[in-house]
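Please look over the structure below.

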Amino acid sequence: MNRIAICLLVVITLSPHAVGQEKSVRPGINKSFSEPDVGSFTERFEREGREVYDFRQEIIDSCGLRPGMIVADIGAGTGLFTRMLAPRVGETGRVYAVDISKEFVAHVTKTSQQEGYKNVKGIVCTPTSAELPDNSIDLVFICDTYHHFEFPYRTLRSLRRALRPDGSIVLVEFHREKGKSSEWIMNHVRAGKETFQREIELAGFEVDEEKDFMEQSYWLRFRKTERTTSRGHTTDSIDDVIRLLANGTAALIDVREQAEWDGGHLQEASLLPLSEIRAGATNDGLSKSLQAKLPKTKIIYFHCRSGGRVLVATELLKTYGYDIRPLQSGFSALVRDGFEAAR
Ligand SMILES: C[S@@+](CC[C@H](N)C(=O)[O-])C[C@H]1O[C@@H](n2cnc3c(N)ncnc32)[C@H](O)[C@@H]1O
């Protein structure tokens with residue numbers, strides 16, 4: 001049995017719910033931010049010796065801010081960066097101070113007003129969505145917060161929707177390197193730069209710029225990108241597909257017809273024939289039965305026999321807001337790659 005088959009088997013046999021449910025990648029990481037003591041967090045976040053505080057000017061200078069820009073400070077915390085961003089974008093611009101903690105959002109809104117910034121708007125978001133208006137943001141700024149995202153794919157998806165086509169994400173995060181990083185970072189931050197970068201890329205972004213002025217943290221800018229080949233198939237690797245199915249971030253749907261499914265199908269897949277998609281996706285909208293079979297909160301990988309019908313199915317559904325990724329590999333190729341065929 002090859003590596004992929006073993007990985008799928010472990011997922012199917014040990015954690016059947018993982019396939020159906022997107023799990024928190026770090027349950028409990030935000031416990032201290034529910035009903036936080038804002039005063040003590042201000043002392044902790046806005047003090048000399050915290051690297052991102054010491055380098056706050058360089059961090060903000062590197063963002064390329066201009067008057068009129070619309071910026072979202074995701075995980076604004078006590079507002080250290082919101083209050084630096086506000087004067088840079090000026091009265092014609094806006095800063096959304098976004099946080100899951102209503103206490104932090106209230107504090108940032110109040111302190112921004114006290115400093116005379118009328119362009120700051122607080123948003124209490126959810127652990128799965130930044131709750132920003134669609135197609136409205138020029139820059140998403142995420143400092144010391146990405147490792148607090150419990151549902152990174154869904155949060156990133158909401159950020160991708162909120163960003164304008166030429167918008168970008170600036171990520172400031174801790175390096176996490178065995179033998180180099182402190183024990184606190186090794187325990188607190190769930191993964192290093194390579195993993196976080198890959199997660200963000202898989203959500204539809206590519207690295208555009210990198211700055212190396214800090215020791216413990218990195219500064220990365222991402223831009224939006226379409227992750228497709230010239231024919232329109234996803235460029236996600238089979239390893240990525242396996243991993244995203246395993247942790248419940250993605251679902252696999254077979255768009256071949258019933259007779260082909262009956263002749264053999266993948267254990268991981270569910271059936272939604274192209275004929276049913278054609279009938280259910282009309283000018284009047286999407287039928288209820290299609291809506292029930294297409295998860296809105298997951299990446300949907302379509303596969304067929306040889307990579308043709310997936311493109312038609314994806315095209316038919318493109319205006320409905322799904323994250324559908326057509327696979328070039330068909331049924332037999334996926335079995336060869338290690339996916340389990342149903343018995
Ligand atoms: C370590 S603090 C960083 C605060 C600020 N960015 C700074 O660097 O000073 C992390 C913040 O992220 C917030 N947070 C955690 N998960 C979040 C999510 N999914 N969306 C938005 N904010 C989140 C927490 O409430 C907390 O305020």
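Predicted model: local features only at pLDDT ≥ 70, side-chain atom pairs only at ≥ 80, totals over all residues.

Next, a helix pair. Helices α6 and α7 pack with their axes 10 Å apart, at an angle of about 45 degrees. An angle of 65 to 115 degrees would count as roughly perpendicular, and one under 35 as roughly parallel. The two helices, α6 and α7, are therefore oblique to each other. Their crossing, α6 with α7, is right-handed. On the α6 side, the contact uses Thr 82, Arg 83 and Ala 86. Val 108, Thr 111 and Ser 112 meet them from α7. The residues of this contact comprise two nonpolar, three polar and one charged.

Now the sheet. Four strands form an open sheet in the order β9-β8-β12-β13, and the pairing is parallel. Strands β9 and β13 stand at the edges with a single partner strand each, so one side of each has no neighbour in the sheet. Two bridges link β8 and β9 in the parallel sense. Ile 253 has Ser 270 of β9 as its bridge partner.

Helix α11 lies across β8 and β12, and runs at about 110 degrees to β8.

The residue ranges of the helices are these:

| Helix | Residues |
|---|---|
| α6 | residues 82–89 |
| α7 | residues 102–114 |
| α11 | residues 238–246 |

Definitions and conventions:
Residues numbered from 1 in each chain as written. Pairing = 2+ DSSP bridges. Contact = placed C-beta atoms within 7 Å. Axes fitted to C-alpha atoms, helices over the stretch in contact; angles between N-to-C directions. Parallel < 35°, antiparallel > 145°, perpendicular 65-115°, else oblique. Left-handed = near helix turned anticlockwise from the far one by under 90°. Nonpolar A, V, L, I, M, F, W, Y, C, P; charged D, E, K, R; others polar.
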